[in-house]
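Let's take a friendly walk through the charged side chains of this protein. Have the structure open as you read.

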Amino acid sequence: MTNALLIENATIVTMDSGRHILDRGHILIENGRIAAIGEGSLAGETNAERIDAAGMVAMPGMIDTHAHAGHMLTKGLGSDTEDWMSVTGRIYATATDPEFWAAEAALSAAERIKCGTTTAALLFGGGPDIMRSEAPEAAEAHLASIAAMGVREVLAVGPNRPGQDHVYRQYTSTSHTDLVVDPDRQIDVATDLVDAWAERDERLQVVFSLPVFDEQELRDETVYRIACKVRDRMRARNGLLVQDGHRDGSIAANDARLGLFDERSLLAHCIDLTDADRAVLKRTGAKVAHNPSALMSVYGRCPAPELMADGVTVSLGTDAAAPDRPFDMFRNLFQAHRYHARHFGDDAVLPPLQLLEMATIEGARALMMEDEIGSLEVGKRADILLINMRQPHLWPPHDPVQRIARFANGADVDTTIVGGRVLMRGRRLVGHDENAILDRALCAFEIAMSRAGLGVCS
């Protein structure tokens, strides 16, 4: 990693507490953190490597608070959404090996780097029913690949929904065996992963996930026992709890039965909430990952503006990267605005600055990382994007926040920096061969398709 890097001549959107925007400013990075930031040129001498960012906006890296590992290699499969979910489940359970998860992780990280997402929170698998936590090897392969790519990630691991028969296939070089998946074993594996990665890499965290249970399911003693076990292990480690799919009373039900939520809870989707659900969010400090491009936002509505008015932290997630959406957080800025403006019939809902907050500092707050990332301030980790603003769709040079929130897309990111390390410069990955990443992912994809008995045209 470069020990000292100086970004010069940038328009800097700091997202600090004053939401300051600096004209033709500088950012000095030393040992992975921001050492100085201000307007004009840096006073005094420095031996730092220099980046001339004239014509660019420097801003905090985007933070995606809800996505899935695995989905990068299931795009385009299935004739419709239900078919895609069935096919994806079959692939994850019966056709993958650690190399699949490693190759998919590198591809996922490459897309994130190229669209300016420096931090993402991912569930390890296809949500609550196909979590690959029956053994540690797949998650270890994923994490090693992410570490090599250099992005920041929160990986959520945990049990499947109990009461369903899950059989996973494990491969060797010459054969395979079938394993009946036990939720208790999954919790033990998840616990070992959380503990093993607690201080291994400052960019990577492993946290607990738990399926979303409704009020009726929570009456089942097995479900209740599994949920309590995850809750207690998470709290013993003061870690995050990530859940995927809250809706229509489920938050209030889990609060009443389990006392599940506090400020370290991150709840994805949160559609069609009841008044009791909203009251729990406000009282407990639980955070929301709003996914305006996701299918659940088609089935129901997340009341994101209303929750924020209640004082609830609401961040943005992509739910990426399949079946029909990418990791591009800029697209989600636009989608979120249109989603709620249409609902209220009011274009003033979710103005540009609030949208950018959801994708940066509020995303950091949702992950309990606001003291480290999410804004450009002295002492924080240097997760920085340089956006090329000298383009027809981003011109004329007026109001950078509005141009980013309304008009930019991931392809406008020129440079991506994580912890002071330049991961992309001039739209080219630094230290990684993009073609090699693509070729490796294709090989893993073709092997998985063959094992799953799926004929796929390339």
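Predicted model: local features only at pLDDT ≥ 70, side-chain atom pairs only at ≥ 80, totals over all residues.

Arg237 sits in the loop between α5 (221-236) and β12 (241-244), while Asp195 belongs to helix α4 (residues 183-196), so the pair links distant parts of the chain, 42 residues apart. Both partners are partly exposed: Arg237 has a relative accessibility of 33%, and Asp195 has 39%.

Now turn to Asp232 and Arg231, whose side chains meet in a salt bridge with an N to O distance of 2.9 Å. How does burial look for these two residues, buried or exposed? Asp232 is partly exposed at 43% relative accessible area, whereas Arg231 counts as buried because its relative accessibility is 15%, under the 20% limit. Elsewhere, salt bridges that share partners join Arg33, Arg152, Glu202, Glu372, Arg381 and Asp383 into one network.

For another pair, look at Glu99 and Arg440, which form a salt bridge with their closest N and O atoms 2.8 Å apart. Glu99 lies in helix α2 (residues 98-115) and Arg440 in helix α14 (residues 434-452), so this contact ties together parts that are 341 residues apart in sequence. Glu99, at 36% relative accessibility, is partly exposed, and Arg440, at 34%, is partly exposed as well.

What lies behind such contacts is simple: side chains of opposite charge can pair when their charged atoms come close.

Key: Residues numbered from 1 in each chain as written. Heavy atoms only, no water. Salt bridge = Lys/Arg side-chain N within 4 Å of Asp/Glu carboxyl O. Helix = DSSP H or I, 4+ residues; strand = E, 2+ residues; numbered from the N terminus. Buried < 20%, exposed > 50% of the residue type's maximum accessible area, 1.4 Å probe, protein only.
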